[in-house]
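Here is a short briefing on a two-chain structure. Please keep the sequence and the 3D view open while reading.

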Amino acid sequence: MHELSIAISLVEIAEEEAERLGGKVIAVHLKLGPMAGVVKDALLFSYEIACQETALEGSRLVIEDTPLIVFCPQCRTNRVLGSPQLLRCFECGTPTPEVVGGRELQMVAMEVEDAA
Amino acid sequence: MRHEPRLVEVRRNVLKQNDVLARELRERFREAGVFVVSLVSSPGSGKTMLLERTLTLLRERHSVAALVGDLATENDAARLARSEAPVRQITTGTTCHLEATMVERALEGWNLAELDILFIENVGNLVCPASYDLGESLRFVVLSVTEGEDKPLKYPTIFNSADVAMITKMDLAAATEFSWETAERNIQAVRPGMQMIGVSAKTGEGMPEYVAFLEAQLAEARAGAA
């Protein structure tokens, strides 16, 4: 369960950004890929704990799931796959180790409320 | 009065600190000419036994060392020390995986330029280590025949993050009715093209081929760096 340490990193980054932006953080938006090695529910749970007694306390974590995308060398195009358990092109069946999307663990936006 | 919240685009990679440090370590290893191999697996897969035999076999011809990560106890380092290679334990406490910063700290005082191969044994865990680059050149995922052939399907992310699959405890393959073909199919499903090496550290089966593989990788890395 490394989601807590990831949540702590996330809160640290958000605090840094919040200081730069000014205002109160209402929400943090994160992109999470199926191959990031992070469990969404565990991260949501950990986020709340990591926020305690920080400037982020009470903020929401909004997670956007990103798709698993591989490049098919046969079709020469990207394919969106439903599961990391079978990395092969669903059109031609060629196995491909080339993962081009799905490892994201990236903060993408913050919702900030300015004081009057 | 309060304004409506504003949405601000902030693009930050959450594990950037680890990734940046891992890149620096990789560069340091390259400059020092040391080839770094990491091992990930579930607890009890035989990583430590494999590593002990590996160090013993390699130290006849090469300068080798190991870092070994564990939640608690220094038992593994004590076992590995029997190989007479330099070994350091990284006790992670409650952390279930190694991070680049732990590797950096553990290397303090070691002259990397004197080493040919450095092994990093991760904490026994098939989930968390997948997210952390340690600056290694090659990552082995270790799967023992007693664990069953479907481990790759259960933990596709870690298998995908590795470069080579080591199948250990091959001396028990018959007793556990382990099917190499099924394991291979599952490994190839989650990481197409991944090389598999079967060994028994106990009987020595497959160990010469495995050592030859490591030496070839070392030679290739040196030729590439030269």
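In which sense do strand S1 (residues 24–32) of chain A and S2(A) pair, and over how many bridges? They pair in the parallel sense, over six bridges. The model is predicted.

- S1(A) and S2(A) belong to an open sheet of four strands, in the order S2(A)-S1(A)-S6(A)-S1(B). Its pairing is mixed.
- The edges are strand S2 (60–65) of chain A and S1 of chain B, each of which pairs on one side only.
- From one strand to the next, the twist averages 25°.
- H1(A) lies across S1 and S6 of chain A together with S1 of chain B. The helix runs at about 40° to S6(A).

**The contact between chains A and B**

- Chain A puts 33 residues into the contact, and chain B puts in 31 residues.
- On the chain B side, strand S1 (6–13), helix H6 (156–161) and helix H7 (180–190) each supply at least two residues.
- S1(B) gives the most to this side, with eight residues.
- By type, the chain B side divides into 16 nonpolar, nine polar and six charged residues.

**The largest nonpolar core**

- This core has 91 residues. A:Leu10, A:Ala14, B:Ala66, B:Ile117, B:Val141 and B:Ile158 touch the most other members.
- Helix H1 (residues 3–21) of chain A provides the largest share of the core, six residues.
- What does A:Leu10 touch, leaving aside residues up to four places away in sequence? Its contacts are A:Val28, A:Tyr47, A:Met107 and B:Val14.

**A buried loop residue in chain A**

- A:Leu87 sits in the loop between strand S4 (77–81) and strand S5 (99–101) of chain A.
- Is A:Leu87 buried or exposed? A:Leu87 counts as buried because it has 24 C-beta neighbours inside 10 Å, and 20 or more are needed.
- Beyond residues up to four places away in sequence, A:Leu87 touches A:Val70, A:Leu81, A:Pro95, A:Thr96 and A:Pro97 in chain A. From chain B, A:Leu87 touches B:Ala189, B:Val190 and B:Pro192.
- A:Phe71 is 16 residues away from A:Leu87 along the chain, with a C-alpha separation of 9.8 Å.

- Strand S2 (residues 35–41) of chain B is mostly covered, with seven of its seven residues buried.
- Both faces of S2(B) are covered. One side carries buried B:Phe35, B:Val37, B:Leu39 and B:Ser41. The other carries buried B:Val36, B:Ser38 and B:Val40.
- S2(B) runs parallel to strand S5 (residues 117–121) of chain B, joined by five bridges. In this pair, B:Val37 stands opposite B:Phe119.
- S2(B) also pairs with strand S6 (residues 138–144) of chain B, in the parallel sense, over five bridges. There B:Leu39 stands opposite B:Phe140.
- Strand S3 (residues 64–70) and strand S4 (residues 87–91) of chain B run parallel too, joined by five bridges. B:Gly69 has B:Ile90 as its bridge partner in S4(B).
- S3(B), helix H3 (residues 75–81) of chain B and S4(B) make a right-handed β-α-β unit.

**Two positive phi values in chain B**

- Most residues other than glycine have a negative phi.
- B:Glu84 has a positive phi, near 70°. B:Glu84 is found in the loop between H3 and S4 of chain B.
- B:Lys169 also has a positive phi, near 60°. Its place is in the loop between strand S7 (164–168) and H7 of chain B.
- B:Lys169 is buried, with 26 other C-beta atoms within 10 Å.

Note on methods:
Residues numbered from 1 in each chain as written. Chains lettered and ligands numbered in written order. Predicted model: local features only at pLDDT ≥ 70, side-chain atom pairs only at ≥ 80, totals over all residues. Core = buried A, V, L, I, M, F, W, Y, C linked by C-beta atoms within 7 Å. Buried ≥ 20, exposed ≤ 12 C-beta atoms within 10 Å, placed from the backbone. Contact = placed C-beta atoms within 7 Å. Nonpolar A, V, L, I, M, F, W, Y, C, P; charged D, E, K, R; others polar. Pairing = 2+ DSSP bridges. Axes fitted to C-alpha atoms, helices over the stretch in contact; angles between N-to-C directions. Right-handed = clockwise from strand over helix to strand, strands pointing away.
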